[in-house]
Amino acid sequence: MTASSVDTLVIETIERLCRSEIPKYQNESFYNTVPRALFASFGEAGVAGLAVPESFGGIGASAATAAAVFDVISRYDMGPAIFISVHAMVCGLITRFGSKEQKESLLPRLASGELLAGFALTEPQAGSDAQALSTEAVQSGGGFSLKGSKIYITSAGFADLYVVFAKTSDASGSGISAFIVPASTKGLTIGSPEKKMGCELSPIASLFFDGAQVPASSLLGPIHQGFKVALSGLAGGRVNIAACANGLSRAALDTAIGHIKERKQFGKALAEFQGLQFMVADMHMRLEASRLLVEKAAADLDAPSASPASTRLSSSAAKCFATDSAMAITTDAVQLLGGAGYIKEYTVERYMREAKMLQIVEGANQVQRMIIARELLE
């Protein structure tokens, strides 16, 4: 069986799973939770192990396959696409930087869906500036004591472990280290889920560390090298968010086209009005351009010869353009549905709310533009 046929099989399996399982959880009784039964279903389908090597029970998917998976999931609901994307990013970090013991003890359980992972970088004053962290890890009793807080952490309160980034004392005074912190760690408390404007099946909350003690073996990668660990996960995360944006855009465009072909005004279908035809054409062009940018960025991540600078450039370009396009496409979809577009019974208002989130997460699009300009000018 060829690699392409395996990829096609994975995508078809995910599409069937999304159609059958996600609608069960799209109601208020599951909002602001990670439905573990849903995550378990994705685990059984191999999605929880996207970024885990086959030797540890995963499927070791390429960046291109992973992007295709998140494109599909986000067409049905953005929530699972987001919490699985973050889970995959953490799996990738443990695969690249974990010790032999960490890989053997955690990766098979992460790949199966037994464990759900979170990524804890963002802080109230640091935002996208990973070098401005205030959370500290002080060496204590053969391990480390964590003190500080994180905000807007995906799956907080539902994840079984978090990769946490904290300042550690080195000669420069600016060391950052990464730690694998179980959710059960004493001294770690979790705030209530934030009330968001969308993405209801992907809760976010704050983490508070009050002398949370972790052993030295919890270090992910070398001490003081956590900034490198954090950066290594961001390019892939941005490509996956761009893929989520494309899935959202596709769902919005399909919904809008279906509506204007059926809805009649002044004795003819809305699709016959040239002004609305131009809107649909613009939506399609934005989506096609976004899709090609994601393909290019994923290909760069998959290419062994690609430089870090080229992957930063292509992933930031894909994330920025695709998410800006999703905001425009979903806004136009609401407009094309008219009054119906503003009513919750129709899905396009949800698409529009979720598109706004994508312009912010994984580095706001203003930050992406800074990265793009810096790479081009340097």
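What follows is a chat about the terms and the values behind them.

Modeller: First, a caution: this is a predicted model, where local features need pLDDT of at least 70, side-chain atom pairs count only at pLDDT 80 or more, and totals for chains, interfaces and linings use all residues. Residues are numbered from 1 along each chain as its sequence is written, and side-chain values use heavy atoms, with hydrogens and water left out.

Biologist: Okay. Why is Leu188 called buried?

Modeller: Buried means under 20% relative accessible area, exposed means over 50%, and partly exposed is in between (1.4 Å probe, protein chains only). Leu188 has 10% relative accessibility, so it counts as buried. You'll find Leu188 in strand 6, residues 188–190. Helices (H or I, at least four residues) and strands (E, at least two) are DSSP runs, numbered from the N terminus.

Biologist: What does Leu188 touch?

Modeller: Contact means heavy atoms within 4.5 Å. Not counting residues up to four places away in sequence, Leu188 touches Tyr162, Val181, Pro182, Ala183, Leu207, Phe208, Phe209 and Ala212.

Biologist: And what makes His224 partly exposed?

Modeller: The relative accessible area of His224 is 25%, so the residue lands in the partly exposed range. His224 sits in the loop between strand 7 (204–215) and helix 6.

Biologist: What is phi like for His224?

Modeller: It is near 70°, a positive value in a residue other than glycine. Most residues other than glycine have a negative phi. Ser155 also has a positive phi, of about 70°, although it is not a glycine. Then there's Gly46, which follows helix 2 and has a positive phi near 95°.

Biologist: Where is Ser155, and is it buried or exposed?

Modeller: Ser155 lies in the loop between strand 3 (143–154) and strand 4 (161–168). Its relative accessible area is 1%, so Ser155 is buried. Leaving out residues up to four places away in sequence, Ser155 touches Val34, Phe83, Leu116, Tyr162 and Pro203.

Biologist: Which residues of helix 6 can you show me?

Modeller: Among them are His259 and Gly233. His259 has 16% relative accessibility, so it counts as buried. Gly233 is buried too, because its relative accessible area is 4%. Leaving aside neighbours within four places in sequence, His259 is in contact with Leu270, Leu336 and Leu337, while Gly233 is in contact with Met89, Leu93 and Arg96.

Biologist: What makes something a nonpolar core?

Modeller: The name goes to a set of buried Ala, Val, Leu, Ile, Met, Phe, Trp, Tyr and Cys residues joined through side-chain atoms within 4.5 Å. The largest one here has 84 residues, and those with the most contacts inside it are Phe42, Ile73, Met78, Leu146 and Phe179. Helix 6 gives the most to this core, with 12 residues. A second, separate core of 28 residues includes Met89, Phe119, Phe165 and Ala230.

Biologist: Last one: how do you know that the charged end of Lys268 sits over the ring of Phe273?

Modeller: The rule asks for NZ of Lys or CZ of Arg within 6 Å of the ring centre and within 35 degrees of the ring normal. The charged end of Lys268 is 4.7 Å from the centre of the Phe273 ring, and it is counted as sitting over that ring.
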